[in-house]
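Look at the sequence and structure first.

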Amino acid sequence: MLQTQTAPEFVTLARDHISPVLGLKSDRAFVRGEGHRLYAVDGSSYLDFVCGIATTVLGHAHPAVTAAIHRQVDKLVHINGAGYAEPTARLAAELSAALPDPFDTVFFSNAGTEVIEGAVKLARRVTGRPGVVAFRGGFHGRTLGSVALTTSNLNYRAGYEPLLPSVYHAPFPDAYHMGGDEEASGLALAALRELLVSEIPGRSVAALVLEVEQGEGGYRPAPAGFLRGVREICDEYGILWVADEIQCGYGRTGTMWGFEHGGVVPDVVCLAKGIANGLPLSALVTGRALQERWGVGAHGTTFGGNPVACAAGVAVLETIRREGLVANAAERGAQLRAGLERLQGRDERIGDVRGYGMMIGVEFVTDRDSKASDETRTSRVLERAAALGLLLLNCGTHHNVIRWIPPLNVTAAEVTEALDIFERALVEA
Ligand code: PLP
């Protein structure tokens, strides 16, 4: 499916004028997206399991989302500072209804990193404490506050010091490299407790920021026991638990919210990515009492809660509910996982297949004993898969994990098609 004709003009423009810092490796040029396929300039099509980095959760040009955008764009595009707009209020109410108690109050922003920064500001202001605890391998964004929490890759941090002070990192329970779920949970909880008595007193920590399943860091799910332990530790010290559900929320893990896997409820939830199926929108959600203590004017935004993005957001939530997409993610996730485990049985260099629901990581290693990362094979498999018509993305500190994040409404036939292509790519790479 590789393009054969010469690059169109906009690719030349992009090469000349889009920042090289993005490091785009491919010159694929797309003119249209429909359902779960992207269409290139030369007419070739690709099954899109990149989903704009886990964002187009309903696929491209979903009729309900497109109609909602069209309706709103003709009525009112931007209003902040003048009063309320209906889609913004409606989405806030719908998000509150979709989350457990006590979540009922929303602060909208535009990108994931903004709500992470908002959460840190809220936690510091409300608790009067400076400390923030995050986990190794975590990714929380690239602006200067969030990047201080991010350790999934040195390149995201290097050269930007000094970063936000009073940020501490504890080990994440990596079951594959730490001897299984129980062992990893025990080690990570012990290390967290140790951090709170040796590096920063627990009573000086405002927030603990955690992805239930790490995204950029390698699709590593935190075991349920670890989540329960985190809740206990936060309660013991009065720390606010900020759940970064930016990638693992919204049905992705086979439950509406990632934290449900631990049977626990955090204090602050950060959402972005799939919330508006590709329009820029993010949300910080808490119980009302917490945001009342934040203080009027302590935080703000110009674009956050944009009516068009929120209209799309309402359509996304309605579609997830109407079409039973959380259950679909669980079922198709199980199908995908079974297929990937079957391939793992035949390929010595697939070290691990893991993840909750339909957020599955496939880790490539040079051999299963050393578990040393195999970045080269990973990128070859990605290239071959793309050449065969399947777009996938990598992740992990060593870029040796392929992440599987199909749209929430993916069909059984598409999962089978993707597995067939992946199998060929594994052989050919
Ligand atoms: N948190 C997580 C878990 C993410 O995956 C991301 C983006 O990949 C972010 C935060 C930052 O979101 P954004 O890129 O929208 O700022």
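## A loop residue and the ground rules

Ala 372 sits in the loop between β14 (360-364) and α12 (375-387). Helices (H or I, at least four residues) and strands (E, at least two) are DSSP runs, numbered from the N terminus. Ala 372 counts as partly exposed because its relative accessibility is 32%; buried means under 20% relative accessible area, exposed over 50%, and partly exposed in between (1.4 Å probe, protein chains only). Ala 372 and Asn 400 are 28 residues apart in sequence, and their C-alpha atoms are 9.5 Å apart in space.

The model is predicted: local features need pLDDT of at least 70, side-chain atom pairs count only at pLDDT 80 or more, and totals for chains, interfaces and linings use all residues. Residues are numbered from 1 along each chain as its sequence is written, and side-chain values use heavy atoms, with hydrogens and water left out.

## The ligand site

Which residues are around the ligand? They are Ala 111, Gly 112, Thr 113, Phe 139, His 140, Gly 141, Glu 211, Asp 244, Ile 246, Gln 247 and Lys 273. The shell divides into 3 nonpolar, 5 polar and 3 charged residues. Here Ala, Val, Leu, Ile, Met, Phe, Trp, Tyr, Cys and Pro count as nonpolar, Asp, Glu, Lys and Arg as charged, and the others, Gly among them, as polar.

Polar contacts are pairs of N or O atoms within 3.5 Å; within protein, one must be able to donate a hydrogen and the other to accept it, and residues adjacent in sequence count only if both atoms are side-chain atoms. Gly 112 places a backbone N or O atom 2.8 Å from a ligand oxygen atom. For Thr 113, a polar backbone atom is 2.9 Å from an oxygen atom of the ligand. Asp 244 uses a polar side-chain atom, 2.7 Å from a ligand nitrogen atom. The protein buries 83% of the 390 Å² that the ligand exposes when taken alone. Accessible areas come from the Shrake-Rupley method with a 1.4 Å probe; for residues, only the protein chains shown count as cover.

## Cavity and pocket

The search runs on a 1 Å grid over the protein atoms alone: a cavity is a set of points where a 1.4 Å probe fits but cannot get out, and a pocket is an open set with protein on both sides within 12 Å along at least five of seven lines; lining residues have an atom within 4 Å of a point. Grid points are joined across faces, edges and corners, and a volume is the space filled by probe spheres set on the points. The whole structure holds 1 cavity of 30 Å³ or more. The largest cavity has a volume of about 70 Å³. Its lining has 13 residues, with Ile 246, Gln 247, Gly 249, Tyr 250 and Gly 274 nearest the centre.

The second largest pocket has a volume of about 870 Å³. Its lining counts 30 residues, and Tyr 84, Val 106, Phe 107, Phe 108 and Gln 291 lie nearest its centre. Two or more lining residues come from each of α4 (86-98), β4 (103-109) and α9 (288-294).

The peptide bond from Asp 101 to Pro 102 is cis, with omega near 5°. Pro 102 lies in the loop between α4 and β4. Ile 53, in helix α2 (residues 51-54), has a positive phi near 60°.

Technical notes
A residue is near a molecule or strand if one of its heavy atoms lies within 4 Å of it.
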